[in-house]
Amino acid sequence: MQVQTLTLPIGNIPGFVTNCYIIAADEDSRACVVIDPASRCDRIESALRGRVVEAIVMTHRHGDHIGALAQLAKNTGAPVYAHALDVEGLEDEKANGALALGLNIEIPAQITSVVDADIISIEGLNLTVLHTPGHTIGSICLHEEAQGVLFSGDTLFRDTYGRTDLPTGNPRQMRESLSKLALLPANTVVYPGHDQPTTIGRECNRR
Ligand SMILES: [Zn+2]
Ligand SMILES: [Zn+2]
């Protein structure tokens with residue numbers, strides 16, 4: 001599996017970057033998935049180097065993860081996937097944080113809702129949707145079980161977890177979601193929405 005990480009700038013906030021992931025089954029595969037096209041559609045598209053985007057997934061509704069979502073969907077024609085409960089709040093500038101972040105976010109014309117245990121597949125990759133509310137009510141993680149890889153959005157970070165004090169956040173749900181993630185194999189590599197990758201084993205020992 002090939003995981004390409006783009007750290008994309010958010011608005012004019014110094015030092016604020018979000019991880020956007022371009023993933024493919026291997027180096028030679030044509031098909032890829034883009035997770036959290038946070039900003040700078042031009043940078044994402046040039047990083048594709050001829051690959052075909054077959055799916056775009058947002059881990060949750062926040063403006064710092066979806067800045068290039070509509071543009072990328074338009075330019076590639078790829079379907080956009082998000083949890084049903086975060087599609088609901090997506091256009092609300094307060095709920096998506098765009099207002100607080102000073103961002104002007106365009107919402108994609110069409111979004112395909114997913115729920116827990118749905119599988120988003122491209123050639124050679126199967127991403128299982130894990131509904132992990134707590135940071136937002138429709139936050140999801142994507143689990144590539146055969147590869148032992150998890151994309152955790154703003155649910156789980158290296159050494160910490162996502163805020164629960166933003167609209168639709170919920171500390172009790174966050175605890176439940178983290179317990180669910182703790183059941184994954186310890187050697188699962190975790191790619192979060194911000195900062196460095198980690199593993200489930202490393203984070204479990206710290207909680
Ligand atoms: Zn967030
Ligand atoms: Zn974020």
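This is a predicted model: local features need pLDDT of at least 70, side-chain atom pairs count only at pLDDT 80 or more; totals for chains, interfaces and linings use all residues.
Strand E4 (residues 52-57) is mostly covered, with five of its six residues buried.

**Strand E4 and its partners**

E4 pairs with strand E3 (residues 31-35) in the parallel sense, over five bridges. Within this pairing, Ile35 stands opposite Val57 in E4. E4 also pairs in the parallel sense with strand E5 (residues 80-83), here over two bridges. Val57 takes part in this pairing as well, its bridge partner in E5 being Tyr81. In turn, E5 runs parallel to E6 and is joined to E6 by three bridges, where His83 has Val114 of E6 as its bridge partner. The parallel pairings are collected below.

| Strand pair | Sense | Bridges |
|---|---|---|
| E3 and E4 | parallel | five bridges |
| E4 and E5 | parallel | two bridges |
| E5 and E6 | parallel | three bridges |

**The sheet and its helices**

Six strands form an open sheet in the order E1-E2-E3-E4-E5-E6, and the pairing is mixed. Strand E1 (2-9) and E6 are the edge strands, each pairing on one side only. From one strand to the next, the twist averages 25°.

H1 lies across E1, E2, E3 and E4, and runs at about 160° to E1. Helix H3 (residues 69-76) also packs on the sheet, where H3 touches E3, E4 and E5. The direction of H3 makes about 150° with that of E4.

**The nonpolar core**

The largest nonpolar core has 52 residues. Those with the most contacts inside this core are Val33, Val34, Ile35, Ile56 and Val57. Strand E2 (residues 17-24) gives the most to the core, with five residues. Nonpolar side chains tend to be buried together in soluble globular proteins.

Not counting residues up to four places away in sequence, Val57 touches Val33, Ile35, Tyr81, Ile120 and Leu142.

Asn96 is found in the loop between helix H4 (84-87) and helix H5 (98-101). Asn96 counts as buried because 26 C-beta neighbours lie inside 10 Å. Leaving aside neighbours within four places in sequence, Asn96 is in contact with Arg61, His62, Gly63, Gly89, Leu90 and Ile105. Its C-alpha atom is separated by 8.7 Å from that of Asp64, 32 residues apart along the chain.

Most residues other than glycine have a negative phi. Arg40, which is not a glycine, has a positive phi of about 50°, and is placed in the loop between E3 and H1. With 18 other C-beta atoms within 10 Å, Arg40 is partly exposed. Ala117 likewise has a positive phi, near 80°, and is found in the loop between strand E6 (112-114) and strand E7 (119-122). Ala117 is exposed, since 9 other C-beta atoms lie within 10 Å.

Technical notes. Residues are numbered from 1 along each chain as its sequence is written. Chains are lettered from A and ligands numbered from 1 in the order in which they are written. Helices (H or I, at least four residues) and strands (E, at least two) are DSSP runs, numbered from the N terminus. A residue is buried if 20 or more other C-beta atoms lie within 10 Å of its own, exposed if 12 or fewer, and partly exposed in between; C-beta atoms are placed from the backbone. Two residues are in contact if their C-beta atoms, placed from the backbone, lie within 7 Å. Two strands pair if DSSP finds at least two bridges between them. A nonpolar core is a set of buried Ala, Val, Leu, Ile, Met, Phe, Trp, Tyr and Cys residues joined through C-beta atoms within 7 Å. Axes are lines fitted to C-alpha atoms, for helices over the stretch in contact, and angles run from 0 to 180 degrees between N-to-C directions.
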